[in-house]
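User: I am new to this structure and would like a close look at one part of it. Please start with a charged pair and then lead me on to the strands.

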Amino acid sequence: MTPLKSNHCYAILDEEGMFGEQDGVSGVFLFDTRHVSVLRWNLHGFSFLHGHAESDSIVHYWSRTDSHEQKLLIRRTFSLHPDGVDDILEIENSSLEAQSWKPEAIVEADFADLFQLRGEVGFIRRGRWESSWEGSLKRFRYLAPDGVESLTEVEFRNLTPGAELVIAAKSRQVVELRLRFKSSLMVEGRDELKPQVPVLRRPSRKSPAVERALRDVEALLLTSAQGPVIAAGMPNFVTPFGRDSLITAWLLLDMMPDLARNTLCYLAARIGAKHDRFHDEEPGRILHEVRLNEFSRLNQIPFSLYYGAADSNSLFLRLLDDYCARYGAELALNLEEAWRAAVAWIEGKMASDGYLAFQRDDDAGLTIKSWKDSGDSMSYADGRLATTDIVGVEIQAYAYASLLSAARLSTLCRGGTSERASWCEAAEQMAARFNRDFWMEGQGTYALALDGAGHQLSVSASNAGLLLWTGIVPEERQPRLAARLFEPDMWSGWGVRTLGTQEVRYNPLSYHNGSIWPHDNAMIAAGLLACGCVEEFLRIRNALHDLALSQPDLRLPELFGGYPRSAAPPLPYLESCRPQAWAAAAILFLEYAAEGIAAGEEVFHHHGLEEEPGHEQT
């Protein structure tokens, strides 16, 4: 499949650059509604020669030959725009005689919901669909029950459907399909434009993998009222997410600071305001996912504004803190109401036992609310799944860091001394409790989680590596934890596995139980660098760069198999998103940080309890 994207519009094409004969997610979409379900040219008698793809276009060459000689060459350019498609055929007659060809194109629009194509069942679409012809213009229209209208207009240029085209000898002709989309959801003057975010700094390494990552980040941008933000990935997540957007923005903080600012403002504008179990909304809770598709808008699924994440609040506070450390206090002042609400939500969740727990939820939302959100990711050593309140290890470390961030943000906003001292004391007490309850001395690492009774999920997982990014790991334990990540059961040679090979639920091509995720490794690498483990940081950086270069598209996938590097090439996880925002950001962060090491710069450090809350103004 070939993914293309331009703002909120995206396309999933087959290997021939067309679609309409395969199941699943294919076609051209706007706001997760399929505006073109079939687009196929009649190329019978032509052979495919060559093709290449950019972020928003493909160019393919097709040839028709006779007696070992080319008669016709078609250069097809399929260009995606924020509001439609241009599909242009340049037909060249290479021969000494006139050639004829009947260029027939099949175009259909079903306005299917993305979740319908992904297998969502139990929802009957009750909107009104119609099509009509007006001269060379064909219109498809869909009116959803909530009044949202979707329109696809198809214009045939230099082409009469069903008519034969005669191309004179040594000449060429051009035919074109021009498709334009309209939607009630589009904001005029904004959503029909291509979003851009300035790149303040970029890695200097001349690597095709780095260039690919830069193009992917730029391609995944989406317009919003708060400025361009980033989509999580294609094909299933062309929408802003809380956790994904925050981590991506943090990884790119030194390179694209405006992305971090826009992301923080976007999430602050949508912070939870009420109690709504269906959407997992609570006052002060940071958004996890937003969708504008029909199923979500009509509350058949909860993702119109969905808040089911346990770590987004902490990541929001950490990103805001680090942004202000680099670029000044203004954003903290502008978002003071939001960041105070976010930390209040964390405190409320921790009020009962001092930890931030989440419950398995068998309703419409996510069952697991940490980044490893598949239903089988939280297991005991014997393979049983945790079913009571789950206290995820990295979620507690993030919460610890967010309390320190809140203290520093309070300083910027001229909060009281007692307020700052209270947050620092809460963080200190949490760190002591955490290091007592989660540490597994025999394994040299931290437990994946605690259950509601305080029992450890005593498996070795990559989550423990994320703790180094937060500063919660005591200095004397840091070298041992770092070394544990590179033991053979955890380190594949391509990266740190999500779950160790000795664990009952280990499966190298599972979603979260043995696969390798580039963004997970980038965050681990950031923590290693903060702790002075430069050699270990470089092992991850070099492995992921090698991995990207091994891929046909030169990009890091969302995830891949956890097989040993010596045993096989990196095997793909077939449902992996490509491109994926935090995977692209991972390679950019690692390259930028590696250059800082070479230059002797302090690229990254975490804030510890010993620091006086505050920032130097810039």
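Analyst: **From a charged pair to the strands**

D322 and R318 are both in helix α6 (residues 312–327), four residues apart, which is about one turn of the helix. Helices (H or I, at least four residues) and strands (E, at least two) are DSSP runs, numbered from the N terminus. Please keep in mind that this is a predicted model, where local features need pLDDT of at least 70 and side-chain atom pairs count only at pLDDT 80 or more, while totals for chains, interfaces and linings use all residues. Residues are numbered from 1 along each chain as its sequence is written, and side-chain values use heavy atoms, with hydrogens and water left out.

Side chains of opposite charge can pair when their charged atoms come close. Both D322 and R318 are buried, a word for under 20% relative accessible area, with exposed meaning over 50% and partly exposed lying in between (1.4 Å probe, protein chains only). Elsewhere, salt bridges with shared partners join R212, D216, D553, R555 and R578 into one network. Across the whole structure, a search finds 43 salt bridges.

Now let us look at R40, which has two such partners to explore. D14 forms a salt bridge with R40, with 3.2 Å between the closest N and O atoms. This pair links distant parts of the chain: D14 lies in the loop between β2 and β3 and R40 in strand β5 (residues 38–41), 26 residues apart. E16 also meets R40 in a salt bridge, at 3.6 Å from N to O. Here too distant parts of the chain are linked, as E16 is in the loop between β2 and β3, 24 residues from R40 in β5. How covered are these residues? D14 counts as buried because its relative accessibility is 8%, and R40 at 13% is buried as well. E16, at 32%, counts as partly exposed.

Four strands form an open sheet in the order β1-β2-β3-β4, with antiparallel pairing; strands pair if DSSP finds at least two bridges between them. β1 (2–6) and β4 (33–36) each have a single partner strand, so one side of each is left without a neighbour in the sheet. The twist averages 30° from one strand to the next, using axes that are lines fitted to C-alpha atoms (for helices over the stretch in contact) and angles from 0 to 180 degrees between N-to-C directions.

Within this sheet, β1 and β2 pair over five bridges, and P3 has I12 in β2 as its bridge partner. The two strands make a hairpin with two residues between them, and N7 in the turn has a positive phi of about 60°. On its other pairing, β2 (residues 9–13) is joined to β3 (residues 27–30) by four antiparallel bridges. There I12 stands opposite G27, and C9 has L30 as its bridge partner. β2 is mostly covered, with five of its five residues buried. C9, A11 and L13 point one way from β2, while Y10 and I12 point the other way.

A second open sheet has eight strands, ordered β6-β7-β8-β9-β16-β14-β13-β12, again with antiparallel pairing. Its edge strands, β6 (47–53) and β12, each pair on one side only. The twist here averages 10° from one strand to the next. Inside this sheet, ten bridges pair β8 (residues 69–81) with β9 (residues 84–93), and L73 stands opposite E92. β12 (residues 128–134) and β13 (residues 137–143) pair over seven bridges, with E134 opposite L137. They too form a hairpin with two residues between them, and G135 in the turn has a positive phi of about 65°.

Note on methods. Salt bridge = Lys/Arg side-chain N within 4 Å of Asp/Glu carboxyl O.
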